[in-house]
Amino acid sequence: MCEMQQEVENIAGNRNCLKTSLPMNDALFRIAFDYAATGMAINDLDGKWHKVNRALCGITGYSEQELLLTDFQSLTHPEDLEINLEYTKRLLSGEWDSFQIEKRFKHKTGNVIWILLDVSLVRSPEGEPMYTIAQIQDISSRKQLEQKYRSLIEYNPAGIFSLDLDGKIDGVNPAMEKIIGYDAHELLHTSFKSLIAEEEDHLLILQNVMENDQYNHEITLTHKLGYQVFLGAKDVPIIVDGKIVGFYIIARDITEHKKTKESLVLLQQDMQDVVRKQQGMTFKFKEVDGKFIHTLCDGELIYRLGYTPEQIVGSELSDVVPWEIAQNKEEYYKRAWLGEENVLYEGMLNEVPYLASLRPIKRDGQVVEVIASCIDITERKRTEEDLRATKEMLESLITNTSDAIDVIDLQGHVLQINNAFERIYGWSGEEIIGQQLPLLPDERKDELTEIMDQLLSGKEITDYETIRLHKDGTVLQVSLTISPIKDADGETIAIAGISRDITERKKTEELLRKSDRLAVVGQLAAGLAHEIRNPLTSLKGFLQLMYEKGPNQQRYYDIMCSELNRINFIVSEFLIIAKPQVIEFNLKSLKQIIQTVIQLIEPEATMNNVQISVQMSKKDPIMICCSEFQIKQVFINLLKNAIEAMPNGGEIQLDVHQDQQEVHIRIVDNGHGIPQERLAFLGEPFYTTKEKGTGLGLMMCYKIIETHQGKIQIESELNEGTEVNMTLPISLNRSIDGNMKVMAK
């Protein structure tokens, strides 16, 4: 029995796990195992390492002796352990013969590495599980590259669909998921047309994109909950190698990313032993009479390349492959035979790409043989091509978006900008890349540090409005969305900023605000002039009469005093509205306030044959933080209005109830009511439905309730009556009004 077989039987005797010897030939196989380019291991059924090769030690950072004291569970990242154990359970149960998984290992240094793990189960002739064979490849670099470009789509604030040329959805980003309510997996491979709420042929839209590079339009989609979502959208072609292979739909919700998860389906084949059933290929050669003669060749890859082991063993390279290929590969053979470690080369046979790793085998310092391990890199090439295509698609998206995009490192140096950045800020890539971001005004130099701190602490920055500088010194108003770019380990390595120039929008908003102020001032001035001009006209007329008929006209004096008092009343109410006042708020009983008001107003109600009924909880008193004088003024004004609305008598109902946050007050009369077209104007200065009213009283009610952080709403029907509903908070937010002085008693 060969040395390797004896070693396997020793493992079986010590661990009671391996019941029969491994089907290995001789020491040559052991060398092939040790010098394989990919990590390889033999584990017992509990996951204990029993045999590992040099490549696996290099991947994990542990020595062979250190690994043999552990098991695969102790190296597995905690978040991947559960699924790894589940896959192993299915393997041992007979549900699978092998499995493949991408997972994370903990390197000896403490770093996390990504690996591609192939595991096969070896059974005894009786069908009993004996041990597992694992093949491990380090894919950390690929994972880092995937993460870098995926983050630009996932963190984009705009909703993004990705469609193929048939109009089917092959990608949806988180922002779009939020807009339409569907998860990405619900939409993948479905027709985009099925989401469109209106009758429109989106394939026609895609045809327009092919003809016009980009196509802006509005679309109406149906949300998952059934309501319509209106989007302003831009269709952008996806161009790879100069050909349109699909389209992006970049959209924003105007009524109010493609999050792609590539599934890599890898070949899973039975592995019954380490060499013959491995997916790759192992071969050896040595120099005989100046020729490199193959002494071993086996593995699944050899058959995929179109050869058999019998054709290779005993032959030199030129006997089995075209002379030109043989001449090229023999240069690598020579380098390995001369002692160079880890000679790598890529080849292609029968349209199968492969990667070969050559290592010299030395005895007493002399190279006696060269062992080579080959793996099929079709999937890697495909992945590289997918990544290249993804990179081109992302660059197309970045180039064609109208928002400025910049990527900076954690020290604030610019790594990348797009065309929109140059257009908005004026700096070209040659001027700014590698330099500190020059957009911040002097007074906002600390803002970048604060943004970095927020992002590193896990907070998001979306639609943050601030100012930035153009190259010529012009101040720009911008809206920023800033997100981190993370590596495969989840560490932030750079910052991506998306900014939109909102300078013109801000100017328009300011003009609208000024216009509104001028309109209110004009309205107040016109109303005040109208209200004061009427009594002034009366005064002027009576003065003329007194001049003509003599000064002893007592009845003229009374009328003139009445008109002067009216002017004084109008001006006083106007000043109360216009002049800021410091209001003192105290904790008061609403029941007591209402009772006091009822006592004041009851005589007038009795004179007008009006009954007032009050419904209020008799248990705990309702306490509110308020200005007692102002709340009384509101009740007096509203109750007087209700009495005056019922000249022939009637009934007023005043209901009060509270919940945990608010007090709800309802005042209902059965008077003549207010026309619907006039309700919208109630509360405006000098607008009134009464013959001698000024409209300022109701305006005061609105202002007082607003000052108390409450709401007031009036509903009315002609000849039916009027209902006033008010809500007041039980406690006030003290930070809202700078003129508010809150005192607790």
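**Helix α20**

I started with the inward side of α20, and in this predicted model the buried residues there are Leu 590, Ile 593, Ile 594, Val 597, Ile 598, Ile 601 and Ala 605. I recalled that an α-helix has 3.6 residues a turn, so residues three or four places apart point the same way.

Next I looked up what these buried residues of α20 pack against: the strands β21 (583–589), β22 (610–615), β23 (623–626), β24 (650–658) and β25 (662–669), plus helix α21 (628–644).

Then I checked the length. α20 covers residues 590–607, 18 residues in all, and spans 26 Å from its first C-alpha to its last, close to the 26 Å expected. I still found a kink of about 45° at Ile 601, shortly before Pro 603. Ile 601 is also on my list of buried residues. After the helix comes Asn 609, and I noted its positive phi, near 60°.

**The sheet under α20**

Which strands does α20 lie across? I got β22, β24 and β25, with the helix running at about 170° to β22.

I then traced the sheet these strands belong to. It is open, has 5 strands in the order β22-β24-β25-β27-β26, and its pairing is mixed. β22 and β26 (711–717) are the edge strands, each pairing on one side only. On average, neighbouring strands here are turned by 10° against each other, direction ignored.

I looked at one pair in detail. β25 and β27 (residues 721–729) run antiparallel and are joined by 8 bridges. Asp 669 stands opposite Thr 722 of β27.

**Ser 627**

Buried or exposed: which is Ser 627? I located this serine in the loop between β23 and α21. Ser 627 counts as buried because its relative accessible area is 8%, and the cut-off is under 20%. Skipping neighbours within four places in sequence, I found Ser 627 in contact with Ile 583, Glu 584, Phe 585 and His 708.

**A second sheet**

I also looked up another open sheet of 5 strands, ordered β17-β16-β20-β19-β18, with antiparallel pairing.

Last entry: β16 (residues 404–409) and β17 run antiparallel, joined by 3 bridges. Asp 406 has Ile 417 of β17 as its bridge partner.

Key: Residues are numbered from 1 along each chain as its sequence is written. This is a predicted model: local features need pLDDT of at least 70, side-chain atom pairs count only at pLDDT 80 or more; totals for chains, interfaces and linings use all residues. Side-chain values use heavy atoms; hydrogens and water are left out. Helices (H or I, at least four residues) and strands (E, at least two) are DSSP runs, numbered from the N terminus. The expected span of a helix is 1.5 Å times one less than its number of residues. The bend at a residue is the angle between axes fitted to the seven residues ending there and the seven starting there. Buried means under 20% relative accessible area, exposed over 50%, partly exposed in between (1.4 Å probe, protein chains only). Contact means heavy atoms within 4.5 Å. Two strands pair if DSSP finds at least two bridges between them. Axes are lines fitted to C-alpha atoms, for helices over the stretch in contact, and angles run from 0 to 180 degrees between N-to-C directions.
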